[in-house]
Amino acid sequence: MSMRWTCRRTHQGAFQGVPPTGREIELSGITIFRVVNGKLLEGWNYPNLLSVIQQIGAVPAAGQN
């Protein structure tokens with residue numbers, strides 16, 4: 001079983017060494033669950049962190065110089 005998710009926040013604290021920018025960011029990802037006999041046993045989160053560091057200006061987005 002899996003779940004796709006999106007959240008929106010304001011960059012108000014240091015992230016990966018980048019000081020707060022005040023920019024609105026959007027983070028999306030997927031969570032994959034392992035279910036056995038109807039019980040959730042494990043879960044793995046895969047957030048798209050590259051998009052976040054691009055949105056806060058730490059690295060350029062594809063096609064930008």
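Is H11 buried or exposed? H11 is buried, with a relative accessible area of 5%; buried means under 20% relative accessible area, exposed over 50%, and partly exposed in between, with a 1.4 Å probe and protein chains only.

## Basis of the report

This is a predicted model, in which local features need pLDDT of at least 70, side-chain atom pairs count only at pLDDT 80 or more, and totals for chains, interfaces and linings use all residues. Residues are numbered from 1 along each chain as its sequence is written, and side-chain values use heavy atoms, with hydrogens and water left out.

## Overall layout

The protein chain has one helix and three strands. Helices (H or I, at least four residues) and strands (E, at least two) are DSSP runs, numbered from the N terminus. Read from the N terminus on, the elements follow the order β-β-β-α.

The radius of gyration of the protein chain is 15 Å, whereas a compact globule of 65 residues would have one near 11 Å. That radius is taken over C-alpha atoms, and the globule rule is 2.2 Å times the number of residues to the power 0.38. Taken along the principal axes, the box filled by the C-alpha atoms is roughly 50 × 25 × 20 Å.

## Surface and contacts

Of the 65 residues of the protein chain, 15% count as buried. The accessible surface comes to about 4900 Å², and carbon and sulfur atoms hold 53% of this surface. Accessible areas come from the Shrake-Rupley method with a 1.4 Å probe; for residues, only the protein chains shown count as cover.

A contact means heavy atoms within 4.5 Å. Among contacts between residues at least 6 apart in sequence, 42% join residues at least 24 apart.

## The sheet

The three strands form an open sheet in the order β1-β2-β3, with antiparallel pairing. Strands β1 and β3 are the edge strands, each pairing on one side only. From one strand to the next, the twist averages 25 degrees. For such angles, axes are lines fitted to C-alpha atoms, for helices over the stretch in contact, and the angles run from 0 to 180 degrees between N-to-C directions.

Two strands count as paired if DSSP finds at least two bridges between them. Strand β1 (residues 2-10) is joined to strand β2 (residues 24-36) by nine bridges in the antiparallel sense. Within this pairing, T6 has S28 of β2 as its bridge partner, and W5 stands opposite G29 in β2. On the β3 side, the bridge partner of G29 is P47.

## Salt bridges

How many salt bridges does a search of the whole structure find? The search finds two, where a salt bridge is a side-chain nitrogen of Lys or Arg within 4 Å of a carboxyl oxygen of Asp or Glu. The side chains of R8 and E26 form a salt bridge at 3.0 Å, N to O. R8 lies in strand β1 and E26 in strand β2, so the pair ties together parts that are 18 residues apart in sequence. R8 counts as exposed at 53% relative accessibility, whereas E26 is partly exposed, with a relative accessible area of 36%.

The side chains of R34 and E42 also meet in a salt bridge, at 2.7 Å, N to O. R34 is partly exposed, with a relative accessible area of 37%, and E42 counts as partly exposed at 33% relative accessibility.

## H11 and its neighbours

The buried residue H11 lies in the loop between β1 and β2. Not counting residues up to four places away in sequence, H11 touches V18, P19, P20, T21, G22, R23 and I56.

## I53 in the helix

I53 belongs to helix α1 (residues 49-55). Leaving aside residues up to four places away in sequence, I53 touches F15, Q16, A58 and V59. The C-alpha atoms of I53 and L27 are separated by 10 Å, and these residues are 26 residues apart along the chain.
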